[in-house]
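Have the model open while you read, and take the points in order.

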Amino acid sequence: MPSSRATLVLDALKGAVAVLVARAFWSETAGMDAGVAAFLGHLYPVWLGFRGGKGVATFLGVLLALAWPVGLIACATWALAAKIGKI
């Protein structure tokens, strides 16, 4: 797996794990809060002077964990846009 794919998968897992752990230990609302925190933490990490990545993969992981059918639609849309835009 090339490093860009590994980064995509690990960033998505970061968001999904945050949601799933918070939901399992606390509540659905805590899962949503954890998802927002994971997403914002990816966009504005403290150790990089609040300048980070784009957060697309982390957001997709959060979305898949919160509502997997919506997450799958978002993933398909992103993949189609990437293919059309040749990125």
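Predicted model: local features only at pLDDT ≥ 70, side-chain atom pairs only at ≥ 80, totals over all residues.

1. Setting aside residues up to four places away in sequence, D11 touches H42, A57 and T58. D11 itself sits in helix α1, which covers residues 3-25.

2. Is D11 buried or exposed? D11 counts as buried, because its relative accessibility is 17% and the cut-off for buried is under 20%. Across the protein, buried residues make up 28% of the 87 residues.

3. Now step back to the overall layout. You'll find four helices and zero strands, and reading along the sequence gives the pattern α-α-α-α.

4. Two of D11's partners, H42 and T58, turn up again where helices α2 and α3 meet. From α2, the residues involved are E28, G31, M32, G35, A38, F39 and H42; on the α3 side they are T58, F59, V62 and L66. Sorted by class, this contact has six nonpolar, four polar and one charged residues.

5. How do those two helices lie against each other? A pair of packed helices is described by the angle between their axes and the distance between the axes. Here α2 (residues 28-43) and α3 (residues 56-66) pack at an angle of about 170°, and their axes are 9 Å apart. That makes the two helices roughly antiparallel, since angles over 145 degrees fall in that class.

6. Have a look at the loop between α2 and α3 too, where you'll find F50. Which residues does F50 touch, leaving out those up to four places away in sequence? They are L43, Y44 and P45. For another bearing, F50 and L40 are 10 residues apart in sequence, with their C-alpha atoms 9.8 Å apart in space.

7. On overall dimensions, the C-alpha trace spans about 40 × 35 × 20 Å along its principal axes. The radius of gyration is 13 Å, which agrees with the value near 12 Å that a compact globule of 87 residues would have.

8. Two last figures for the whole protein. Of the contacts with a separation of 6 or more, 40% come from residues 24 or more positions apart. As for the surface, the protein exposes about 6,100 Å², with carbon and sulfur atoms supplying 74% of that area.

Conventions:
Residues numbered from 1 in each chain as written. Heavy atoms only, no water. Axes fitted to C-alpha atoms, helices over the stretch in contact; angles between N-to-C directions. Parallel < 35°, antiparallel > 145°, perpendicular 65-115°, else oblique. Contact = heavy atoms within 4.5 Å. Nonpolar A, V, L, I, M, F, W, Y, C, P; charged D, E, K, R; others polar. Rg over C-alpha atoms; globule rule 2.2 N^0.38 Å. Buried < 20%, exposed > 50% of the residue type's maximum accessible area, 1.4 Å probe, protein only. Areas by Shrake-Rupley, 256 points an atom, 1.4 Å probe, with all protein chains shown as cover.
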